[in-house]
Amino acid sequence: MQGLLDDLYREVILDHYRSPHGAAELDEATVQVEGFNPLCGDELKLEMRIVEGRIEEVHVGPAGCSLSVASASILAQQLPGKTVAEAVQIKEMFKRVMRGEPWP
């Protein structure tokens, strides 16, 4: 069973890496941030168009390993339609999971 889960995990990661969501740049972004991880060289450009507190569109421009690109793609897939408050909750949940805390 674990082998099947590993294969599925790899397939999902590689699919997002090869065809990332949110690749189209935004004409009118209301938020723009860039990040760089000096430990591994991964870079990320994030743009969002927010209208009345709701995320309308997301662009991610990741450069790095497959996991970094796939993570950005999943983020771009999940955020449109969410409120800014919901996006903050997602960020906080992700940080907890990365610290080894239980999944909510």
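The lining of the largest pocket of this predicted model comprises 26 nonpolar, five polar and four charged residues (nonpolar: Ala, Val, Leu, Ile, Met, Phe, Trp, Tyr, Cys and Pro; charged: Asp, Glu, Lys and Arg; polar: the others, Gly among them). The space in this pocket amounts to about 1300 Å³. A pocket is an open set of points, on a 1 Å grid over the protein atoms alone, where a 1.4 Å probe fits, with protein on both sides within 12 Å along at least five of seven lines; lining residues have an atom within 4 Å of a point. Among the 35 lining residues, L44, S71, A72, L75 and F94 lie closest to the pocket centre. Two or more lining residues come from each of helix 1 (2-18), strand 1 (31-36), strand 2 (43-51), helix 2 (66-78) and helix 3, and helix 3 gives the most, ten residues.

The 15 residues of helix 3 (residues 84-98) should span 21 Å at 1.5 Å a residue, and the separation of the end C-alpha atoms, 21 Å, agrees. G100, which follows helix 3, has a positive phi, near 90°.

The largest nonpolar core consists of nine residues: L46, M48, I55, V58, V60, A72, A76, L79 and A87. Strand 2, strand 3 (54-63) and helix 2 each supply at least two residues of this core, the largest share, three residues, being that of strand 3. Contacts of L46 (heavy atoms within 4.5 Å) involve V31, Q32, V33, V58, H59, V60 and L75, with residues up to four places away in sequence not counted.

Residues are numbered from 1 along each chain as its sequence is written, and side-chain values use heavy atoms, with hydrogens and water left out. Local features need pLDDT of at least 70 and side-chain atom pairs count only at pLDDT 80 or more, whereas totals for chains, interfaces and linings use all residues.

Key. Helices (H or I, at least four residues) and strands (E, at least two) are DSSP runs, numbered from the N terminus. The expected span of a helix is 1.5 Å times one less than its number of residues. Grid points are joined across faces, edges and corners, and a volume is the space filled by probe spheres set on the points. A nonpolar core is a set of buried Ala, Val, Leu, Ile, Met, Phe, Trp, Tyr and Cys residues joined through side-chain atoms within 4.5 Å. Buried means under 20% relative accessible area, exposed over 50%, partly exposed in between (1.4 Å probe, protein chains only).
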